[in-house]
Amino acid sequence: DLVCLMSVNPGFGGQKFIPYTLEKIKRLRKMIDEKGLKVQIEIDGGVTLDNAPSIIAAGADVLVAGNTVFKSADPAGTIHSLKSI
């Protein structure tokens, strides 16, 4: 039902998104679509308001944005902005 793709090296929060993850998302989305599966792709790590649009465009469905939200001056506003992408 859901595939969680790590977009940082596992271990601790606050890491930067690894850009090559976008290619992994595209390949995974293609595999899921070719098989006609109803599987969501979740991306965990380094998600920001700046890179979220490209992550979604690559084929992700769910974003985990811990530091982006919790270190924001306005967490509710940040969540709203992420949901609006």
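**View 1. V47 and its surroundings.** Leaving out residues up to four places away in sequence, V47 touches A52, I55, L63, V64, A65 and T68, where contact means heavy atoms within 4.5 Å. This is a predicted model, in which local features need pLDDT of at least 70, side-chain atom pairs count only at pLDDT 80 or more, and totals for chains, interfaces and linings use all residues. Residues are numbered from 1 along each chain as its sequence is written, and side-chain values use heavy atoms, with hydrogens and water left out.

**View 2. The largest nonpolar core.** Welcome to a group of 17 residues, in which L5, L22, I25, I41, I43, V47 and I55 touch the most other members. Two or more residues come from each of α1 (21-34), β2 (40-44) and α2. The most come from α1, which gives four residues. A nonpolar core here is a set of buried Ala, Val, Leu, Ile, Met, Phe, Trp, Tyr and Cys residues joined through side-chain atoms within 4.5 Å. Buried means under 20% relative accessible area, exposed over 50%, and partly exposed in between (1.4 Å probe, protein chains only). Helices (H or I, at least four residues) and strands (E, at least two) are DSSP runs, numbered from the N terminus.

**View 3. T68 in its helix.** Look for T68 in helix α3, which covers residues 66-70. T68 counts as buried because its relative accessible area is 19%. A polar atom of the T68 side chain lies 2.4 Å from the backbone oxygen of V47. Besides V47, T68 is in contact with T48, L49 and T78, once neighbours within four places in sequence are set aside. For a sense of distance, the C-alpha atoms of T68 and A58 are separated by 20 Å, and these two residues are ten apart along the chain.

**View 4. R29 in helix α1.** Here is R29, a residue of helix α1. R29 is buried, because its relative accessibility is 15%. Its contacts are V39, I41, A58, G59 and D61, again not counting residues up to four places away in sequence.

**View 5. A nonpolar patch on the surface.** Finally, meet L49, I56 and I85, which together have about 210 Å² of accessible area, computed by the Shrake-Rupley method with a 1.4 Å probe and, for residues, only the protein chains shown as cover. Patches are made of residues with over 30% relative accessible area and no salt bridge, with like charges joined within 9 Å and nonpolar side chains (Val, Leu, Ile, Met, Phe, Trp, Tyr) within 5 Å. A salt bridge is a side-chain nitrogen of Lys or Arg within 4 Å of a carboxyl oxygen of Asp or Glu. I56 sits in helix α2, residues 52-58, and is partly exposed, with 31% relative accessible area.

Technical notes: A polar contact is a pair of N or O atoms within 3.5 Å; within protein, one must be able to donate a hydrogen and the other to accept it, and residues adjacent in sequence count only if both atoms are side-chain atoms.
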